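Here's a quick briefing to read with the model open beside you.

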Amino acid sequence: MIRAAAGRDNRDTGPYLSENRFLMAPKSDLHPDTLVAHAGCEPHPVSRDVTPSIHFATTFERDADGTFPGGHIYSRTSNPTRDLFERTLARIEGAGACAAFSSGMAAAAAVMQSLRPGDRLVMPTDAYYGVTRIARDLMEPWGLHIEEVDFSDPTAADLALAPGTALAWIETPSNPLVRITDIATVAALARERGILTVVDSTWTTPLLQRPLDLGADLVLHSVTKYLAGHSDVLGGAVLSRDPELPLFMRIRTVQAQMGAVMDPFSAWLTLRGMRSLGARLDRQCATAVRVAAFLATHERVERVHFPGLADDPGHAIATRQMKKYGGMLSFRVAGGRDEALRVQAAVRVFRRATSLGGTESLIEHRASVEAPPSRAPENLLRVSIGLEHAEDLVADLAAALDA
Ligand SMILES: *Cc1c(COP(=O)(O)O)cnc(C)c1O
């Protein structure tokens, strides 16, 4: 069978799939936690490996009759290990298809490049900084019309989602203010007007948030973060409910033809990392609740941004929309920029680094990382909770704040 590059979907079977494995069911009645625990584990029909091997080949042999019995031709268009990752993530997300990229930004760029010059793209005012930058610096000159809106304001959202808009871009929770957008409400409003919706669900993963079930058409992940989970893989993915959605077919073409594909080793490492995702998130979410509660009562903390706090503006929607509140939070230090930098300088357990979703807790002064025009408040520190003991993290922040 020759697989066409565009329009390839993740329902078809790769070279070593046993037909009746529960993981191959198109719609599984198992919990996503069970699916991630077996991520990529499809025993090879000959060797019976429990975990997958890596296919590094860039090219695949044709039969004498010209066909490709292995289903792959050249690794830019498809590779068995990347395919395994794509099928696995599609199943866990409840999507019809997945395209894996070399980074979250490559995935985001592919979505924008799959629109057409003249198309209108509505983005949140506090989208991930890099996403706003490529939209403004690269895609706007290329011809996209970009409008920014605060999706938590229903009147503004109603106005921004004008008929004729091609795509609504949602990111929730947002970065770095951890604001919550009601996916079901925005997706319904968009759908009514024939607008497609993509949700950057990086901070939640399919275990905490199900954008496709809430009416979104596409889901985007920076695989670099929680999915891979160990701060040692760069990757991205775009998933589509409908594998034949024309926008997704173009995303597939951008992936295969422009070539910012996920490499086999990163795909394998991500599958390996994903098998512990459920356990990692349980711990990270529980610890985030504990750290947020501590910060909320500290006199040197002006404000904590975390949807798990009962008085957070996103609390009610997050409670409905997310299974847990996630492992990310940010807080504003009383006294401004210098005080925030002083706290960041004084921690001993948290690592001072950007990124998120790893096993080690990270702390970062976002305004320093985002060049102007950053919207991050100057006294804001963003925290990614890792797998350390919660009380060690609390003690570390307490010491740094009190220093
Ligand atoms: C990190 C991140 C991205 C970009 O992903 P990379 O893998 O760094 O390219 C996009 N969106 C969100 C929400 C992120 O956290």
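This is a predicted model: local features need pLDDT of at least 70, side-chain atom pairs count only at pLDDT 80 or more; totals for chains, interfaces and linings use all residues.

Residues are numbered from 1 along each chain as its sequence is written, and side-chain values use heavy atoms, with hydrogens and water left out.

**Around the ligand**

- Serine 222 also puts a polar side-chain atom 2.8 Å from an oxygen atom of the ligand.
- Methionine 105 does it with its backbone: an N or O atom there lies 2.8 Å from an oxygen atom of the ligand.
- There are 13 residues around the ligand, and Met105, Asp200, Ser222, Thr224 and Lys225 come nearest; a residue is near if one of its heavy atoms lies within 4 Å of the molecule.
- That shell splits into four nonpolar, six polar and three charged residues, where Ala, Val, Leu, Ile, Met, Phe, Trp, Tyr, Cys and Pro count as nonpolar, Asp, Glu, Lys and Arg as charged, and the others, Gly among them, as polar.

**The largest pocket**

- The ligand takes up the space of the largest pocket; sitting in a cavity or pocket requires more than half of a molecule's atoms to lie within 2 Å of its grid points.
- On a 1 Å grid over the protein atoms alone, a pocket is an open set of points with protein on both sides within 12 Å along at least five of seven lines, a cavity is a set where a 1.4 Å probe fits but cannot get out, and lining residues have an atom within 4 Å of a point.
- The volume of the largest pocket is about 330 Å³, meaning the space filled by probe spheres set on the points, with grid points joined across faces, edges and corners.
- Its lining has 20 residues, and Met105, Tyr128, Ser222, Thr224 and Lys225 lie nearest the centre.
- By type, the lining of the largest pocket comes to seven nonpolar, eight polar and five charged residues.
- Helix H3 (104–113) and strand S6 (218–222) each supply at least two residues of this lining; helices (H or I, at least four residues) and strands (E, at least two) are DSSP runs, numbered from the N terminus.

- The largest cavity holds about 90 Å³ of space, and its lining includes Pro124, Asp126, Phe151, Glu171 and Arg179.
- Four nonpolar, four polar and four charged residues make up the lining of the largest cavity.
- The second largest cavity has a volume of about 50 Å³ and is lined by Asp33, Leu207, Leu208, Gly278, Leu281, Asp282, Lys323 and Lys324.
- Helix H10 gives the most to the lining of the second largest cavity, with three residues.

- Most residues other than glycine have a negative phi, and most peptide bonds are trans.
- The peptide bond from threonine 172 to proline 173 is cis, with omega near -5 degrees.
- Asparagine 175 and proline 176 are joined by a cis peptide bond too, with omega about 5 degrees.
- Proline 173 lies in the loop between strand S4 (165–171) and helix H6 (183–192), and proline 176 has its place in the loop between S4 and H6.
- Arginine 48 has a positive phi, near 65 degrees, and is found in the loop between helix H1 (32–37) and helix H2 (80–93).

Terms used: A polar contact is a pair of N or O atoms within 3.5 Å; within protein, one must be able to donate a hydrogen and the other to accept it, and residues adjacent in sequence count only if both atoms are side-chain atoms.
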